[in-house]
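Let's take a walk through this protein together. Have the sequence and the 3D view open side by side.

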Amino acid sequence: MDVIEAICKVLPDVIGMIVPIWVAVVFGVLVGWLWRPKWARSAIKILAIPTKSSFVASSEPSTILCSEVSDTSSSSKLDGEMKNFVGEEDLKHISKLVNETDGGPAWIGIMDKSTSNMSYQAWRRDPETGPPQYRSRTVYEDMSPEMMRDFFWDDEFRLKWDDMLLEAETIEECPNDGTMVVKWVRKFPFFCSDREYIIGRRIWESGKAYYCVTKGVQYPSVPRRSKPRRVDLYYSSWMIRAVESRKGDGQMSACEVLLFHHEDMGIPWEIAKLGVRQGMWGAVKNIDRGLRRYQKHMASGAALSHCAYMAHVNSKICTDRLKQLEKTSNDSQEIVTCEQTVNDEKKPSGKNIPKLLVVGGAIALACTIDRGLLSKAVILGVARRFAKVGRRL
């Protein structure tokens with residue numbers, strides 16, 4: 001009887017320890033299945049026929065002659081192959097974003113902060129389809145647009161200040177207009193695999209402003225790997241120009257950067273939004289520190305890196321031509337990356353996860369995992385958002 005009585009007393013405690021762990025395991029397996037990798041659809045993406053929604057398929061494509069830089073793609077292409085990675089449709093789109101005439105949803109302010117030599121504002125909007133989109137305006141004091149342009153393009157120096165960038169490689173470039181195809185590998189948190197980006201980029205100069213476009217492009221000759229995971233939907237572009245300093249001396253010694261960014265990293269968009277909100281200001285300050293280091297680096301007489309040199313090889317376009325491009329019709333909702341071919345109905349959005357399972361699993365995780373990397377508040381906060389069935393992420 002004593003043994004049975006002792007077992008009865010201990011059993012509730014044992015169950016209390018085991019059940020949350022198994023609930024967490026089931027929750028993790030379910031979520032992992034719902035947001036499983038897209039490798040099975042990769043072949044469809046490569047073979048997909050471009051449609052009206054394909055990203056910037058220009059009606060009058062500006063064909064460019066690209067020269068290979070690395071040996072990565074030499075086995076699948078002939079020298080002198082004609083390519084069009086970034087064209088005038090991309091320029092038109094960023095111009096409309098700058099002037100807020102792209103026809104997209106209204107921007108919602110999410111941040112307004114400043115330091116002694118920099119001011120920053122950020123907005124977000126949630127389109128009907130696709131991931132959240134971000135817009136920011138940063139003004140750097142005592143900075144020229146040319147220095148800013150070179151800084152953003154200099155992958156060699158970026159590896160010294162951007163602790164999220166693990167690898168940067170130029171795959172292909174065009175010496176005529178400066179178009180480049182680069183490969184990045186970025187570091188993600190411990191619970192996610194690192195991410196690989198194949199990015200096409202190009203700069204236009206119009207008047208006294210620079211329009212810098214970077215976006216995900218198809219490049220089948222760089223094979224996909226299970227790790228790092230390829231990010232297909234990626235858009236990050238900015239406009240750079242000189243503005244009057246806030247010192248009040250009337251000098252155009254400050255530099256304004258309007259950035260537009262969105263990407264599908266392969267994680268639930270609500271979690272991505274939470275991460276952006278928590279880490280945005282820290283990332284902005286890190287960019288500013290990197291920029292000031294770069295400014296001192298170049299002032300010391302350091303040689304221009306090859307990537308930064310390519311930022312000087314850009315396309316000139318007059319302001320009248322740019323205004324003419326803007327007048328042509330193009331709904332912002334049609335702008336997606338060239339590899340985005342998955343229907344949103346098939347894309348896991350987290351809306352069909354039972355509320356009890358999500359909240360229960362999150363509670364179990366919060367109670368059993370507490371190592372300082374994911375706080376209980378973050379886990380439970382995300383769970384509350386997912387539990388609102390039908391809410392758009």
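How many helices and strands are there in the protein? There are ten helices and 14 strands; helices here are DSSP runs of H or I with at least four residues, strands are runs of E with at least two, and both are numbered from the N terminus. Before going further, note that this is a predicted model, in which local features need pLDDT of at least 70 and side-chain atom pairs count only at pLDDT 80 or more, while totals for chains, interfaces and linings use all residues. Residues are numbered from 1 along each chain as its sequence is written, and side-chain values use heavy atoms, with hydrogens and water left out.

Now for the overall picture. Of the 393 residues in the protein, 47% are buried. Buried means under 20% relative accessible area, exposed means over 50%, and partly exposed lies in between, using a 1.4 Å probe and protein chains only. Take the contacts (heavy atoms within 4.5 Å) with a separation of 6 or more: 67% of them are between residues 24 or more positions apart.

Let's go inside. A nonpolar core is a set of buried Ala, Val, Leu, Ile, Met, Phe, Trp, Tyr and Cys residues joined through side-chain atoms within 4.5 Å. The largest one has 44 residues, and Y120, M148, Y197, I240 and V257 touch the most other members. Helix α6 supplies the largest share of this core, seven residues. A second, separate core holds 25 residues, including A209, V217, M239 and L325.

Leaving aside residues up to four places away in sequence, M148 touches Y140, M143, I240, C255, V257 and L291. M148 is one of the buried residues of α4, a helix with eight of its nine residues buried.

How does α4 sit against α6? Their axes are 10 Å apart and the helices pack at an angle of about 110°; axes are lines fitted to C-alpha atoms, for helices over the stretch in contact, and angles run from 0 to 180 degrees between N-to-C directions. The two helices are therefore roughly perpendicular to each other, on a scale where under 35 degrees is roughly parallel, over 145 roughly antiparallel, 65 to 115 roughly perpendicular and the rest oblique. On the α4 side, M147, M148, D150 and F151 make the contact, and α6 brings I287, G290, L291, Y294, Q295 and M298. By class, that is seven nonpolar, two polar and one charged residues. For these classes, Ala, Val, Leu, Ile, Met, Phe, Trp, Tyr, Cys and Pro count as nonpolar, Asp, Glu, Lys and Arg as charged, and the others, Gly among them, as polar.

Now look at α3 and α8. Their axes come within 9 Å and cross at roughly 85°, so this pair is roughly perpendicular too. Here E88, L91, K92, S95, K96 and N99 of α3 meet R321, L322, L325 and E326 of α8. This contact divides into three nonpolar, two polar and five charged residues.

On to the charges. Side chains of opposite charge can pair when their charged atoms come close. A search of the whole structure finds 23 salt bridges, each one a side-chain nitrogen of Lys or Arg within 4 Å of a carboxyl oxygen of Asp or Glu. One of them joins R135 and E100, 3.5 Å from N to O. R135 lies in strand β6 and E100 in the loop between α3 and β4, 35 residues apart. R135 counts as buried because its relative accessibility is 10%.

D142 and K247 make another salt bridge, with their closest N and O atoms 2.8 Å apart. This pair spans 105 residues, from the loop between β6 and α4 to the loop between β12 and β13. D142 is partly exposed at 39% relative accessible area, whereas K247 is exposed at 53%. D162 and R158 also pair up, at 3.4 Å, and both are buried. Salt bridges that share partners also join R124, D126, E270 and K273 into one network.

Last stop: I198, in strand β9. Is I198 buried or exposed? With a relative accessible area of 2%, I198 is buried. Among the residues that I198 touches beyond four places in sequence are I171, V181, K215, V217 and R230. I198 and K215 are 17 residues apart in sequence, with their C-alpha atoms 8.2 Å apart in space.
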